[in-house]
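User: I am new to this structure and would like to learn how to read a helix and a sheet in it. Could you take me through them step by step?

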Amino acid sequence: MEITGRVWCFGDDVNTDLIQPMHTVFKPVEEQHRYVFEANRPGWVNLVEPGDVIVAGRNFGTGSSRPAAKLLVDLRIGALVCDSINWLFFRNCVNFALPALSCHGVARMFAEGQTARIDVGTGSVQNLETGSRVSGQPWTAELLDILRAGGLLEQLARDGLLVGRGTDE
Amino acid sequence: MADMTMTEKILAGHSDREAIRPGDIVVTKVDTVVPLDMNFYDSMWAEPSKVFDPDRIVVIFDHVVPAPNRGVGEALERGRAFAKKMGISRLHDVGPDQGICHQLIADVPYAMPGEMLVCVDSHTCSGGALNCAARGIGAPELIYVMAKGFTWFQVGETVRYELSGSLRSHVTAKDLFLHLADRYGAHVGQNMEFGGSALPGLTMDQRRTLTTMCAEVSAEFAMFEPDEVLERHLRERGRSMDGGVLPDPDAVYAEVRSIELASVEPMVGLPGSVVHNTVGVSSAAGTPINRAFIGSCANGTVADLREAAAVLTGRRVSPEVTLFITPGSQAIYQQAVHEGIIATLADAGAVVTVSSCGMCAGFQNSLGPTDVCIASSTRNFAGRMGHPDAQIYLGSSGTVAASAVAGAIADVREFA
């Protein structure tokens, strides 16, 4: 499963409160993604475009179990690649169907605005402008199934195990 | 196989495997699933058509309670209706059984030795104080586990902490954690296991402060060895320690680190994160503060309220400071009432609130841009307790009480 997109660069330890400030939980679902990175990169949500890729340093997504990964999906981020991704955040990426890879060394491989090609099935990340490559742990077949289904809830719905969704009820 | 850590043994036992290794991905049964009030919010809820076992699910309303607005009121109503429909009898609704999930998980208890528990809060590693493999997961995953009764984990490597000696007076498990976070930093993808000769001197509350805070260094599972202290805690609640799991003698660790508890002094976490970012209190003392908070799943115990009361007896909170104190559960509040602690706190000018996650996540008394807060709660990310420009320092409940009196970060030992 290949994704190609324009890169936005972030540093180390980008935490869940930066991705999803807590006050957003009281906002309508369709507005919550407007507050992503409001503290560390105000205005970014107006610049990012569907399919763009986030490249970051160590321990991206440290902190809360809140659905911060979902807001990146709502911003239509194509993929997330980091030197390391917090494991709880990674679970949320899988479960909200956000392609995400931990690849040591990836942060220094990109400058903002360059183009990345990512394949979570093989774990490879390539900088299409410099040609440099790096590899992370590929997703297993089970995780790719969740991604293809569009997330864990979609998988449950497909299996007939959901009767209603939040605001859809 | 006889070379697994406690976490590995519990994960192996729940995935019907003889042995597992760091890096393996295992599908495990889950013994207890704990949905919270926030699961029932519009943005997070999806209703499963069935649950795997209603007697293995505990619903706890703790983050934003009592409902401050209509949206939350509707979410709580949805949670009650779901529990009733599915036959889930264990519901901690707003009322006398109310409390922060991790406090109740330990106090009732719902975390049991050798078992697996998941909850939709990142501090769920707290339950490891009871030798339970407990883990925070996301909202959709919690719904999935409620329906299916299993999930997957990637096995992380384990760091073993050998604790020896005993904490000096006015030094707490919070200080021990802040010391550890400064010295060893992040534990991304790692489990943290605690043992050693200091264990008999560490209470359940102290252990839970430590395991709860392990979320702040990005640990996967945090775990204490089962011992007489845990056995007594369980016996007093009519439960046994039969499922308890010790590490194998040849368990393989990423690293074994020794900490002499007497070497720890009162510590302060500096704003932003605790990772390599805490100092001895003398380095932070004198920093003016105007907000103070004692509470959260890490430090809302009766021991924390006693610590605060010891400092506040005969003293007054600075007129420049608001001190909020939020007990970890209504049962703790009630015990504190009987001990006379609440009167001491209120007489000193502290505001004692109903039990909830409260200020820790900015749900009460939210901070403004110029506020400077010291809290004994869990997390000090920018924006965590309100405005992203507010400064959040962390310390023990005694340090917070002393600072509230002084109007600036203070050394609790000077208030003895």
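**Reading a helix and a sheet**

Analyst: Among the residues of α2(B), the buried ones (under 20% relative accessible area, with exposed meaning over 50% and partly exposed in between, for a 1.4 Å probe and protein chains only) are Val72(B), Ala75(B), Leu76(B), Arg78(B), Gly79(B), Phe82(B), Ala83(B) and Met86(B). They cover an arc of only 155 degrees around the axis, taken from the directions from the helix axis to the C-beta atoms, which puts them on the same side of α2(B). This is a predicted model, in which local features need pLDDT of at least 70 and side-chain atom pairs count only at pLDDT 80 or more, while totals for chains, interfaces and linings use all residues. Residues are numbered from 1 along each chain as its sequence is written, chains are lettered from A and ligands numbered from 1 in the order in which they are written, and side-chain values use heavy atoms, leaving out hydrogens and water.

User: Which exposed residues does the face of α2(B) turned away from its buried side carry?

Analyst: That face carries Arg70(B), Glu77(B), Lys84(B) and Lys85(B), whereas the buried residues pack against β3 (46–48), β4 (59–60) and α4 (139–148) of chain B, contact meaning heavy atoms within 4.5 Å.

Notes: Helix = DSSP H or I, 4+ residues; strand = E, 2+ residues; numbered from the N terminus.
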